[in-house]
Amino acid sequence: MASLAGSLSKLDVGDDWVASAPPGLRKNLFVLSPDQVELAKLLVEMGQSHVFEHWADPGVDDDQKKAFFEQVARLDASYPGGLASYIKTARELLADSKAGKNPFDGFTPSVPNGDVLTFGDENFINFEETGVKEARKAAFVLVAGGLGERLGYNGIKVALPAETTSGACFLQHYIESILALQEASCRLAEDGCDTQIPFVIMTSDDTHARTLQLLESNGYFGMQPSQVKLLKQEKVACLENNDARLALDLQDKYKIQTKPHGHGDVHALLHASGLLNLWHDAGMKWVIFFQDTNGLLFKAIPASLGVSAIRQFHVNSLAVPRKAKEAIGGITKLTHADGRTMVINVEYNQLDPLLRATGYPDGDVNDETGFSPFPGNINQLILDLGTYIEELKKTGGAIKEFVNPKYKDASKTSFKSATRLECMMQDYPKTLPPTARVGFTVMDAWVAYAPVKNNPEDAAKVPKGNPYHSATSGEMAIYRANSLILRKAGAQVDDPVSQVFNGQEVEVWPRIVWQPKWGLTFSDVRRKVSSSCSVSEKSTLLLKGRDIFIEELSLDGALIINAGEDAEVKVKARVENKGWTLESVDYKDTSVPEEIRIRGFRINKVEHLEKTFDGPGKFCLEV
């Protein structure tokens, strides 16, 4: 065995840091590779010598030591600026937190510029048409790093059925929506078009393998595998005190505790992937970011993209009307005393005190519309690709972070548990120059926002009148939106009835579901539905296919129509049957699959009429 001094000489290790290294590390230096020695030096110089204090002698636990440095290498490589930058930033933010520093000191809030759209009017239809034209120049990015544990579901969230009438999961619905946009946009192209819209999914250690398996086992839901890219985010190191001391795993002294960094990582991942420049070279103009369990989102995207194109926004945040003090962040323009401005999301618990402190004695209050003038942020962004690339060249995709330690007491000297830095996708505009065109598009929540994020117990505790944001309410929101859209198109759709599932009182509308290619835009729906269409409250209507035209329909029961790619179907029918009913299910009943019991109901398919037209050709459904 070579002498320690000889080994260190070969590894070109400086004497200063070695002298300050703990004995456990010094004894093991000669078994480390040059890269591992550099990482050890980094840790010692950043005040993290404690991670080596319990190291065993050489020859003992060597595999665990190797694994430790593999973990440190990942933590260093996956963070912009490396682990040293992470620790330095953490110390600054932890000091600010302890001092109670307000991140908005010096800023005055005001209402930014944006568009408030009314679904179905001519203005909305014009924006939708423009958005469909622009869609072939857009790339879509789904942030899907989370499991469904908070929902009472152990799978990945994108595998959950968005609704149980068709059974399509969120990922299927998103892909079919993108493909419908792709087809419609190419049909409008004057120069011919064979564009394939890129689709990126940001995954995590928790979701990566299962997302890939879901895609592969379902033939990518009709999308070409080459269109889809998975980018996996890494976790970040946990910190155990105000000096950003790295927290070791309580069960393994050779492992650093880690936690998710937040969906803001998507920007650095895209920057590092090289995809943005490839898209730009291919003529793409937009990047559309969205989150994993909002079944209404694609009803809002075409018009919102149209707003971005017509207003030439560099950043367009999709938003919904929010009541004053409602627990949803508000899109706000902030102007600093030194002249700096930015348009960002301000969390609801920060917005009201910020307003009160800057000349608005009543804080966040509703205006004459009955809503706060600061629209509710729903974390869906449309970015101009060219300016996005230029900004990421400067930042490397790093997003302004925050830290939220849970202190043991008012002294703020120790934590209840380890904390970490976090970042949010929607904070991208914080680093933009004042010349950036940052705006928003507001649409009613009934057509744009019904996230699934609360389990049945938590949802049942939500104050009456506030949204449940559960699997129950998310599914019912889809039926409501589709019923209201058919009404606006001229159809007669019965009013809903009120029912309680899993302790949540919801409106149960007719269970109307269509594939995205049937009703991508309001113009599509209006063109395919006549005023001679009526649907009773107990009814289920499932439309699978693009060219289904409902000329006359009286539906009191369940009807399923399947139309092939080259089939055109005209419906002139009166359908009455026992239909599909909703049966209550107890969410504690473990004999029922998780994805059903978290809704509180299952569909009992008593009786239905199903007609299939494979085509090609023109067909008429007459019953």
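# Pockets, cores and a sheet

Reader: What is the volume of the second largest pocket?
Author: In this predicted model, local features need pLDDT of at least 70 and side-chain atom pairs count only at pLDDT 80 or more, whereas totals for chains, interfaces and linings use all residues. Residues are numbered from 1 along each chain as its sequence is written, and side-chain values use heavy atoms, leaving out hydrogens and water. A pocket is an open set of points on a 1 Å grid over the protein atoms alone, with protein on both sides within 12 Å along at least five of seven lines. With volume taken as the space filled by probe spheres set on the points, joined across faces, edges and corners, the second largest pocket comes to about 1500 Å³.

Reader: Which element gives the most to the lining of the second largest pocket?
Author: The lining (residues with an atom within 4 Å of a point) has 44 members, and those closest to the pocket centre are Leu93, Pro103, Lys400, Glu401 and Lys430. Among helices (DSSP H or I runs, at least four residues) and strands (E, at least two), numbered from the N terminus, α6 (82–99), α10 (265–273), β13 (341–346) and β15 (402–403) each supply at least two lining residues. The most, seven residues, come from α6.

Reader: How many charged residues line the largest cavity?
Author: A cavity is a set of points where a 1.4 Å probe fits but cannot get out, and the structure holds one of 30 Å³ or more. About 40 Å³ of space lies in the largest cavity, and β13 gives the most to its lining, with three residues. Counting Asp, Glu, Lys and Arg as charged, the lining divides into five nonpolar residues, four polar and, of charged residues, none.

Reader: How many residues does the largest nonpolar core have?
Author: A nonpolar core joins buried (under 20% relative accessible area, 1.4 Å probe, protein chains only) Ala, Val, Leu, Ile, Met, Phe, Trp, Tyr and Cys residues through side-chain atoms within 4.5 Å. In the largest one, Phe140, Leu171, Phe199 and Leu553 have the most contacts inside it, and the core has 116 residues.

Reader: Which residue of β30 is the bridge partner of Glu568?
Author: Strand β26 (residues 567–576) pairs with β30 in the parallel sense over six bridges. In β30, the partner of Glu568 is Lys618.

Key
Pairing = 2+ DSSP bridges. Buried < 20%, exposed > 50% of the residue type's maximum accessible area, 1.4 Å probe, protein only.
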